[in-house]
Amino acid sequence: PEGLERLTPGRAKRVALSYRQSEANSFVISTERSEWRYPHITIYKTTTNMDFEKLFPRYDSKGIETVRSAYAIAEEALKDMKRGNGAMFIEHPLEVAKIVYEEIGLSAECVAAVFLHEATRFFPETDIASAKFSQDVYTMVDGLNKISTIKPKDTKLEAENYKKLIVSYSKDPRVTVIKIADRLEVMRSLDMFPKSSRERKVLET
């Protein structure tokens with residue numbers, strides 16, 4: 001089905017097929033030709049069915065609503081975008097958000113900034129003001145969007161120059177940490193990109 005995106009950690013594939021839940025909490029993926037069993041599978045659903053309380057259990061109700069609102073905006077803005085492997089692009093900010101939450105331990109505002117950044121860097125006209133997020137969220141989104149405009153040629157491929165630009169755009173120190181999470185997700189997903197794109201992403205990182 002449309003919502004089925006990731007089959008194994010770090011290697012996403014598009015499967016417009018069918019699935020059924022089996023014993024031991026595993027899933028069986030079926031096609032006309034054959035069938036595969038996956039004991040660990042993540043099914044990304046729409047905003048309506050996404051269990052944010054389960055994904056971000058440490059956040060209180062206000063934090064969950066902040067994340068939910070930001071995700072809804074990003075999901076709508078990015079609905080027609082795909083990743084290098086054909087998966088929905090929303091998978092990228094969702095995985096970055098999980099790193100920000102699970103591995104770094106940042107706040108719900110930081111997770112919201114991840115989603116809003118991806119929505120607005122591709123579609124600047126996206127309305128995020130009417131959702132009335134905190135000023136901290138908007139500051140982080142602005143910093144992340146500015147960092148995304150940096151090109152390797154602007155820094156003459158020198159890491160120190162790149163670092164200085166990132167710091168100059170990061171009024172909130174959390175921006176730099178979120179950007180590191182973003183690049184970590186990209187590095188974990190390199191296999192999905194063509195060779196030329198992989199080389200560019202490695203260079204940028």
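**Basis.** I worked from a predicted model, where local features need pLDDT of at least 70, side-chain atom pairs count only at pLDDT 80 or more, and totals for chains, interfaces and linings use all residues. Residues are numbered from 1 along each chain as its sequence is written, and side-chain values use heavy atoms, without hydrogens and water.

**Helix 2.** I looked up residues 61-77, which form helix 2 (helices are DSSP runs of H or I, at least four residues, numbered from the N terminus). Its 17 residues reach 24 Å from first C-alpha to last, close to the expected 24 Å (1.5 Å times one less than the number of residues). At its start, a side-chain oxygen of aspartate 60 comes within 3.2 Å of the backbone nitrogen of lysine 62. I then listed its buried residues (under 20% relative accessible area, 1.4 Å probe, protein chains only); among them are Ile64, Val67, Tyr71 and Ile73. Their cover includes helix 1 (52-55), helix 3 (91-104) and helix 4 (108-122).

**Helix 5.** I checked residues 135-148 next. These 14 residues reach 20 Å, close to the 20 Å expected. The buried residues include Val137, Tyr138, Met140 and Leu144.

**Helices 3 and 7.** I found helix 3 packed with helix 7 (residues 174-188) at about 120°, their axes 9 Å apart (axes are lines fitted to C-alpha atoms over the stretch in contact; angles run from 0 to 180 degrees between N-to-C directions).

Note on methods:
Helices (H or I, at least four residues) and strands (E, at least two) are DSSP runs, numbered from the N terminus. Buried means under 20% relative accessible area, exposed over 50%, partly exposed in between (1.4 Å probe, protein chains only). Contact means heavy atoms within 4.5 Å. A polar contact is a pair of N or O atoms within 3.5 Å; within protein, one must be able to donate a hydrogen and the other to accept it, and residues adjacent in sequence count only if both atoms are side-chain atoms.
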